[in-house]
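Subject: Structure handover

Hello,

Here is the structure to look through. Please open it first, then read my notes below.

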Amino acid sequence: MLTLTDVSVRYGFYEALTDISMKVEPGELVVLLGANGAGKSTIFRTISGLNKPTKGGIEWNGASIGGMSASKLVNAGIGHCPEGRKLFPEMSVYENLKMGSYAVRRNKKEVADTLERVYTLFPILEEKMKASAGSLSGGQQQMLAIGRAMMSRPQLLLLDEPSIGLAPLIVKQVFDVIHEINRGGTTVLLAEQNANAALKIADRGYVIEDGKIVVEGGQDELFANDEVRKAYIGA
Ligand code: ATP
């Protein structure tokens with residue numbers, strides 16, 4: 001479904017990603033683990049067309065997409081929920097959700113059905129639909145950011161550090177919904193520093209350090225990997 005082959009990305013002279021090769025198969029939930037600055041957001045921004053690879057290839061559903069614009073990629077089924085949520089704080093919850101379907105050519109019925117699905121996943125967003133996004137709690141804002149990305153009805157949802165800054169109980173709620181979204185048929189690529197919570201719901205994962213993939217494996221292998229445990233699980 002999604003394949004990156006030897007992808008490198010530079011910011012000026014600085015090489016943020018070096019020869020990244022990874023795959024996400026239909027229906028999978030794949031986690032990308034890495035510390036601050038390892039390059040997780042750069043991988044996501046490159047997949048969703050916000051950064052251009054300087055080298056290597058990206059394939060999506062059999063077609064080459066490296067260098068394609070972000071608006072084309074959202075129409076091709078790639079939804080991106082960015083780190084830091086990037087909501088429109090003055091706009092209402094409902095308006096933020098509508099913005100998620102704006103760039104995608106859909107009819108009114110599809111948009112209404114998707115909104116219903118998002119409200120079913122996150123009932124609090126329906127309760128608070130008239131409230132401004134900026135007035136929500138951190139956890140509710142994260143739910144809104146995920147809901148907004150779901151409004152484009154992505155085949156592949158990129159979730160960049162959804163647990164950042166959230167209390168453990170809220171992290172659990174957010175991860176439960178991510179798991180449910182995946183079981184509902186949406187393929188998920190999840191970047192996280194919270195390896196414990198992320199690996200619990202993941203099929204497979206990659207560990208990135210200094211712009212390179214250093215470990216990859218199934219859920220059990222990563223849980224059992226000493227380096228992963230020391231660096232990301234704290235055991
Ligand atoms: P974080 O969780 O801190 O965002 P990350 O794993 O997502 O970490 P990236 O944001 O992808 O990491 O950053 C990878 C490297 O690229 C870091 O060294 C970062 O300082 C650098 N970098 C990111 N964006 C830019 C930019 N626009 N210009 C220059 N360097 C950048």
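Helices and strands here are DSSP runs, numbered from the N terminus: a helix is H or I with at least four residues, and a strand is E with at least two. Residues are numbered from 1 along each chain as its sequence is written. This is a predicted model, so local features need pLDDT of at least 70, side-chain atom pairs count only at pLDDT 80 or more, and totals for chains, interfaces and linings use all residues; side-chain values use heavy atoms, with hydrogens and water left out.

Confidence

pLDDT is the predictor's confidence in each residue, from 0 to 100. The chain averages 91, and 99% of the residues score at least 70. For the complex, the predictor gives an ipTM of 0.92 and a pTM of 0.92.

Two strands count as paired if DSSP finds at least two bridges between them.

Now follow strand 3, residues 29-33. On strand 8 (residues 187-192), it pairs in the parallel sense over 5 bridges. With strand 9 (residues 204-209), strand 3 is also parallel, over 4 bridges. Which residues are the bridge partners of Leu33? In strand 8, the partner is Glu192. In strand 9, the partner is Val207.

Next comes strand 10, residues 212-218. Strand 9 and strand 10 run antiparallel, joined by 6 bridges.

Is Gly218 buried or exposed? Buried means under 20% relative accessible area, exposed means over 50%, and partly exposed is in between (1.4 Å probe, protein chains only). Gly218 has 17%, so the residue counts as buried. Its C-alpha atom is 8.9 Å from that of Tyr206, 12 residues apart along the chain.

The helices

Helix 1 covers residues 40-47 and is mostly covered, with 7 of its 8 residues buried. Among them are Lys40, Phe44 and Ile47. Just after helix 1, Gly49 takes a positive phi of about 90 degrees.

Leu144 sits in helix 6, residues 138-150. Leu144 is buried, because its relative accessible area is 0%. The C-alpha atoms of Leu144 and Val93 are separated by 7.1 Å, although the two are 51 residues apart along the chain.

The surface

Phe88 lies in the loop between strand 6 (78-81) and helix 3 (93-102). At 34% relative accessibility, Phe88 counts as partly exposed. Phe88, Met99 and Tyr102 make a nonpolar surface patch of about 340 Å². Patch residues have over 30% relative accessible area and no salt bridge; like charges are joined within 9 Å, and nonpolar side chains (Val, Leu, Ile, Met, Phe, Trp, Tyr) within 5 Å. A salt bridge is a side-chain nitrogen of Lys or Arg within 4 Å of a carboxyl oxygen of Asp or Glu. Accessible areas come from the Shrake-Rupley method with a 1.4 Å probe, and for residues only the protein chains shown count as cover.

Best wishes
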